[in-house]
Amino acid sequence: MDNDVSAGSGSTIVAGRLALGITLLAFGLGTTGVIDGVAASDAVSLAHYVGGVALFVAGLLAFRDRDTATGTAFSALGALWFTWAVSAGSHTSANGAGLFLLLFALVALSLTLAGGDTLGQGMYGLLFLAMLVLAVASFADSSALAKAGGWVAVASGAVAWYAATAALAHWPTALPRRAAGRGVTATG
């Protein structure tokens, strides 16, 4: 199995993925309502400082290391989390919140389509799906869809956390590949 860390500064990528993972886990679990008395609004401080400030700083450090893909991803996501956190207490219409989530989803879609390692694409792909489902839930005023979006955010956070931890612990980050035609034997 491959234990390779993706291109760029490994420590910046690990720190950014940890920040994104923890933020998504807290936000997602709060959105699902699975923990009694915990709501998405309880993740505001974490989203403000860890998902917003720390992720944005990780993006700036990646730019300094000339890793434009990681810099773009982390600084854009940091700015979005920061914006969500500072506007969480204000009165926003359901359609306004849905539009913000839809724009957040489009950023995640761009990051998914940009390529990169498998775990990164999976993390951003799940983030896209989570924000898309949450946007539709907001437009439709559907608590069931919001919970589903929360679970997808939890999955994205788990992938981000695994990707960061795998890099630190030298766990596998890629599935082994078989050569074409191998693994099947003919008996006669």
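**Figure 1. Contacts across the chain in a predicted model.** Among contacts (heavy atoms within 4.5 Å) in the protein chain with a separation of 6 or more, 69% join residues 24 or more positions apart. The chain holds 6 helices and 0 strands; helices (H or I, at least four residues) and strands (E, at least two) are DSSP runs numbered from the N terminus. Buried residues (under 20% relative accessible area, 1.4 Å probe, protein chains only) make up 38% of the 188 residues.

**Figure 2. The largest nonpolar core.** Such a core is a set of buried Ala, Val, Leu, Ile, Met, Phe, Trp, Tyr and Cys residues joined through side-chain atoms within 4.5 Å. At least two residues come from each of H1 (10-32), H2 (44-64), H3 (68-87), H4 (94-113), H5 (118-140) and H6 (143-169).

**Figure 3. Surroundings of Leu20.** Neighbours within four places in sequence are left aside. Leu20 then contacts Leu55, Leu77, Trp81, Met123 and Tyr124.

**Figure 4. Packing of H1 and H2.** The angle is about 160 degrees, and the axes (lines fitted to C-alpha atoms over the stretch in contact, with angles from 0 to 180 degrees between N-to-C directions) lie 9 Å apart. H1 and H2 are therefore roughly antiparallel (over 145 degrees). H1 contributes Thr12, Gly16, Ala19, Leu20, Ile22, Thr23 and Ala26 to the contact. From H2 come Leu46, Ala47, Val50, Gly51, Leu55, Ala58, Leu61 and Ala62.

**Notes.** Residues are numbered from 1 along each chain as its sequence is written, and side-chain values use heavy atoms, without hydrogens and water. Local features need pLDDT of at least 70 and side-chain atom pairs 80 or more, while totals for chains, interfaces and linings use all residues.

Terms used. Buried < 20%, exposed > 50% of the residue type's maximum accessible area, 1.4 Å probe, protein only. Parallel < 35°, antiparallel > 145°, perpendicular 65-115°, else oblique.
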